[in-house]
Amino acid sequence: MSMPQPLHGRCHCGNIAFELDWPGAASEIPARACGCSFCVKHGGVWTSDPKACLVVTIRDRRLVSQYAFGTRTATFHICSRCGAVPIVTSEIAGGIYAVVNVNVLENVEPAALRRAPADFDGEDLESRLGRRKRNWIPTVRFESRPADPP
Amino acid sequence: MLTATCHCGAVSVEVPRRPRRLTSCNCSICRRYGTLWAYYKASDVRVSGARGATRGYSWGDKSLRFVRCGNCGCIMRWEATRPTANSRMGVNARNFEPAAIAGVRVRRLDGASTWKFLD
């Protein structure tokens, strides 16, 4: 069975949402359980595809906090209302690359996720950025959306 | 005794013993948080961090509050919003040293629909 298009994801309260156009008729999507110190604590499991296209919609930018550590080349976007971490971005040579958290996807059956551990410890900075440039989502757009009426 | 610490180190949670079991829940909030819960009597858990270091989130009937580090966002625990003497607390075992909980049985809870264990 192929995936619904696009894939939808959002934090719990809906402040950060995204649509991900996945290339072709994928029947499963890779899900990398990252072994870094941040992702282990967050249970972070990520996906990306170099042909995918991501649109992130934020209701209230004041309710998004950013966290970085180590090489500080990856930015974790945390909803400051509910605390979910739907996306990570990395700025490489003027371009924005992203991965999305499969734990926040809404229209994907858990069985369609091809889970595998991923460990990038020991990678030097150049290889790290090169890998992201090859594998992460290269087309990323941020949009604002007015808040729902109370 | 075991200590769970967030990524930036601002917040920690101390529990009296290693959990015998962990719960992975697929409800709308737990799956997003990627949490792995260890349960204790709330009065047995010691929470530390500077004043204002944490943020809380409640929804629905708001009987529980999920507490996280306001800086690095690590989900530390859930607690009753109206605690009683026997209230329980869920401590996110992802913040323990992985070696400290290696081999502890993880049960999968279907919090999304039946509220029964799937294994």
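## Ground rules and confidence

Residues are numbered from 1 along each chain as its sequence is written, while chains are lettered from A and ligands numbered from 1 in the order in which they are written. Because this is a predicted model, local features need pLDDT of at least 70 and side-chain atom pairs count only at pLDDT 80 or more, whereas totals for chains, interfaces and linings use all residues.

The model scores ipTM 0.95 and pTM 0.95.

## Chain B as a whole

Let's start with chain B, which has one helix and ten strands. Helices (H or I, at least four residues) and strands (E, at least two) are DSSP runs, numbered from the N terminus. Read from that end, the elements of chain B follow the order β-β-β-α-β-β-β-β-β-β-β. The radius of gyration of chain B is 14 Å, close to the 14 Å that the globule rule gives for 119 residues, so chain B is as compact as a globular protein of that length. That radius is taken over C-alpha atoms, and the globule rule is 2.2 Å times the number of residues to the power 0.38.

Along the principal axes, the C-alpha atoms of chain B fill a box of roughly 40 × 35 × 30 Å. Of the 119 residues, 36% count as buried. A residue is buried if 20 or more other C-beta atoms lie within 10 Å of its own, exposed if 12 or fewer, and partly exposed in between, with C-beta atoms placed from the backbone. Among the contacts in chain B with a separation of 6 or more, 57% come from residues 24 or more positions apart. Here, contact means that the C-beta atoms of two residues, placed from the backbone, lie within 7 Å.

## Where the chains meet

On the B side, 22 residues are in contact with 21 residues of chain A. The elements of chain B that give two or more residues to this side are α1 (28–33), β6 (54–57) and β7 (64–69). Helix α1(B) provides the largest share, five residues.

By class, this side of chain B has ten nonpolar, seven polar and five charged residues. In this count, Ala, Val, Leu, Ile, Met, Phe, Trp, Tyr, Cys and Pro are nonpolar, Asp, Glu, Lys and Arg are charged, and the others, Gly among them, are polar.

## Open sheets in both chains

Chain B has an open sheet of three strands in the order β1-β2-β5, with antiparallel pairing. Its edge strands, β1 (2–5) and β5 (46–49), each pair on one side only. The twist averages 20° from one strand to the next; axes are lines fitted to C-alpha atoms, for helices over the stretch in contact, and angles run from 0 to 180 degrees between N-to-C directions. Strands count as paired if DSSP finds at least two bridges between them. Four bridges link β2 (residues 11–15) of chain B to β5(B), and B:Val13 stands opposite B:Val47.

Chain A has an open sheet of four strands, ordered β1-β2-β5-β11, with mixed pairing. At the edges stand β1 (7–10) and β11 (139–144), each with a single partner strand, so one side of each is left without a neighbour in the sheet. Six bridges join β2 (residues 16–21) of chain A to β5 (residues 53–58) of chain A, and the two run antiparallel. A:Glu19 stands opposite A:Val55 there.

Strand β7 (residues 75–79) of chain A is mostly covered, with four of its five residues buried. Antiparallel pairing joins β7(A) to β6 (residues 64–67) of chain A through four bridges and to β8 (residues 87–92) of chain A through three. A:His77 stands opposite A:Gln66 and also opposite A:Ile87.

In the loop between β7 and β8 of chain A is A:Cys82. Why is A:Cys82 classed as buried? It has 23 other C-beta atoms within 10 Å. Beyond neighbours within four places in sequence, A:Cys82 is in contact with A:Cys11, A:His12, A:Cys13 and B:Tyr57.

## Two residues with positive phi

Most residues other than glycine have a negative phi. A:Arg72, in the loop between β6 and β7 of chain A, has a positive phi near 55° and is exposed, with 8 other C-beta atoms within 10 Å. A:Ala93, in the loop between β8 and β9 (95–101) of chain A, has a positive phi of about 50°. A:Ala93 is exposed, with 7 other C-beta atoms within 10 Å.
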